[in-house]
Amino acid sequence: MIGRLNHVGVATPSIAESVKLYRDVLGATKITETRAMPEQGVYVCFVDLPNAQIELIEPLGDDSPLVGFLAKNPAGGQHHVCFEVPDIIAARDDMRAKGATVLGTGEPRIGAHGTPVIFVHPKNMGGVLVELMESPKEAHG
């Protein structure tokens with residue numbers, strides 16, 4: 001069912017500091033501008049890699065879903081992995097049929113790439129928060 005790995009989400013208390021790591025230490029050359037996603041409660045920035053992306057995510061406000069994660073992991077860290085699926089509704093229904101917990105209402109919301117996404121609870125995914133994202137119809141960044 002799952003397609004390609006789209007990105008690994010990395011929570012950080014500071015996207016600006018994380019960008020320095022990926023650019024200056026690891027040598028990343030293509031990094032998007034940081035943008036606010038108030039509907040998700042985060043700032044996002046993407047580090048492009050040859051085969052996927054790193055999504056840097058920073059809390060936007062005190063009610064951001066990242067606040068609790070960063071309270072437990074003050075330096076930040078790997079937050080989720082995102083896989084592409086051809087049909088987000090079919091993927092959601094399949095996850096539920098297999099007994100997995102789809103977070104929130106279960107209704108897909110629009111993610112940072114402009115396509116519908118859902119999140120599946122880590123307890124059903126070997127301890128990893130999994131984002132399923134409908135494959136973009138066009139190139140994305």
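I began with a cut-off: exposed means over 50% relative accessible area, buried means under 20%, and partly exposed lies in between. I am applying it to a predicted model.

**Entry: Arg23 and Asp24.** With 53% relative accessibility, Asp24 goes down as exposed, because the cut-off is over 50%. I found its side chain in a salt bridge with that of Arg23, at 2.7 Å from N to O. Arg23 comes out at 40%, so I noted it as partly exposed.

**Entry: the whole structure.** I searched all of it for salt bridges and got 7. Some share partners: Arg92, Asp93 and Glu107 are joined that way into one network.

**Entry: Arg4 and Glu84.** I looked up this pair next and found a salt bridge between the side chains, 2.8 Å from N to O. Arg4 sits in the segment before β1 (5-11) and Glu84 in strand β5 (residues 77-85), so the bridge ties together parts 80 residues apart in sequence. Buried or exposed, I asked of Glu84? Glu84 is buried, at 7% relative accessibility.

**Entry: helix α1.** Here I checked Lys20 and Glu17, whose closest N and O atoms are 3.1 Å apart in a salt bridge. Both residues belong to helix α1 (residues 15-25) and are 3 residues apart, about one turn of the helix. Lys20 is partly exposed at 38%, and Glu17 is partly exposed at 46%.

**Entry: the annotated span.** I then turned to UniProt, where an unreviewed entry places "domain: VOC" at residues 4-135. In the model, the end C-alpha atoms of that span lie 9 Å apart. I noted its make-up as 21% helix and 34% strand.

Methods
Residues are numbered from 1 along each chain as its sequence is written. This is a predicted model: local features need pLDDT of at least 70, side-chain atom pairs count only at pLDDT 80 or more; totals for chains, interfaces and linings use all residues. Side-chain values use heavy atoms; hydrogens and water are left out. UniProt positions are given in the numbering used here, feature names are shortened, and annotations may be inferred rather than shown by experiment. Helices (H or I, at least four residues) and strands (E, at least two) are DSSP runs, numbered from the N terminus. A salt bridge is a side-chain nitrogen of Lys or Arg within 4 Å of a carboxyl oxygen of Asp or Glu. Buried means under 20% relative accessible area, exposed over 50%, partly exposed in between (1.4 Å probe, protein chains only).
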